[in-house]
Every structure is written in structure tokens, then in C-alpha cells.
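Subject: Structure for you to look at

Hello,

Here is the structure I said I would pass on. Please open it first and keep it beside this email while you read.

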Amino acid sequence: YTTLFRSGIIEGRIELIIKIYQKGYTAEVTADMLEEPVSRIRQIYDVIEKNAPDYNAETIYKQLREKEE
């Protein structure tokens, strides 16, 4: 249950980052807005770009988890 809750929150955060990305903001600006490390936002942006134009938060989350393993 905790894992599902956590993944839901992360997917929600990724959806927000996708919306910001689609508005044309750089990873640096997005990181500043969300008070996240630029490296983390860049990593998410890389996966978003590879999946364009299919911006599915669940798919992007899974790909990010695979990178971490």
C-alpha cells in the first residue's frame, strides 16, 4: 500500500513536470520552481523527450525506475 501511494505521488509530480516541460521551460527553471535538484529534473526531461509525443506519467515513471536499477 505504501509503495502504491508513493508511486502515485511521484507520478503526479511527473505529470506536473510534463506540463511545465510542454510550456517550454528549461530543466534549470523547472528545478528552481519545484525546488528539486537540476540533475533530477534533467533526468526526467531526458525520458520525457524520448517518449515524445506520448507523455504518459506512468510510462515515464517506470522508465526512470529502470534507470535507477
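Below is what was found in it, grouped by topic.

Please keep in mind that this is a predicted model.

Aromatic rings

A search of the whole structure gives two aromatic pairs. In one of them, the ring centres of Y21 and Y45 are 5.0 Å apart and the planes stand at 85 degrees, so this pair is edge-to-face. An angle over 60 degrees is what that label requires. Y21 belongs to helix 1 (residues 2-22) and Y45 to helix 3 (residues 38-51); the pair links distant parts of the chain, 24 residues apart. Y21 has a relative accessibility of 19% and counts as buried, because the cut-off for buried is under 20%. Y45, at 6%, is buried as well. Together with Y55, the residues Y21 and Y45 make up one aromatic cluster.

Salt bridges

There are four salt bridges in the structure. One of them joins E28 and R42, whose closest N and O atoms are 2.3 Å apart. Since E28 is in helix 2 and R42 in helix 3, this bridge ties together parts that are 14 residues apart in sequence. E28 is partly exposed, with a relative accessible area of 37%, and R42 is partly exposed at 42%.

Another salt bridge is formed by the side chains of K62 and E58, at 3.3 Å from N to O. K62 and E58 are four residues apart in helix 4, and therefore about one helical turn separates them. K62 counts as partly exposed at 47% relative accessibility, and E58 counts as partly exposed at 40%. Elsewhere, salt bridges with shared partners join R13, E36 and R40 into one network. E36 is partly exposed at 22% relative accessibility, and R40 is partly exposed at 44%.

The largest pocket

What volume does the largest pocket have? The value is about 410 Å³. It is lined by 18 residues, and those closest to its centre are I10, I14, Y61, L64 and E68. Helix 1, helix 3 and helix 4 are the elements that give two or more residues to the lining. Helix 1 provides the largest share, with eight residues. I14 can also be compared with K62 in position: their C-alpha atoms are 11 Å apart, while 48 residues separate them along the chain.

A surface patch

Y25, V29 and M33 form a nonpolar patch on the surface, and their accessible area together is about 260 Å². V29 sits in helix 2 (residues 27-34) and is partly exposed, with a relative accessible area of 36%.

Two points in the backbone

Most residues other than glycine have a negative phi, and most peptide bonds are trans. Which residue other than glycine has a positive phi near 55 degrees? That residue is E35. E35 lies in the loop between helix 2 and helix 3 and is exposed, with a relative accessible area of 73%. The other point concerns the bond between A52 and P53, a cis peptide bond with omega of about 0 degrees. P53 is located in the loop between helix 3 and helix 4.

Regards

Technical notes:
Residues numbered from 1 in each chain as written. Predicted model: local features only at pLDDT ≥ 70, side-chain atom pairs only at ≥ 80, totals over all residues. Heavy atoms only, no water. Phe/Tyr/Trp six-rings, centres within 6.5 Å; stacked < 30°, edge-to-face > 60°. Buried < 20%, exposed > 50% of the residue type's maximum accessible area, 1.4 Å probe, protein only. Patch = residues over 30% accessible without salt bridge, like charges linked within 9 Å, V, L, I, M, F, W, Y side chains within 5 Å. Areas by Shrake-Rupley, 256 points an atom, 1.4 Å probe, with all protein chains shown as cover. 1 Å grid on protein atoms, 1.4 Å probe; cavity = no way out; pocket = protein on both sides within 12 Å on 5 of 7 lines; lining within 4 Å. Points joined across faces, edges and corners; volume = space filled by probe spheres on them.
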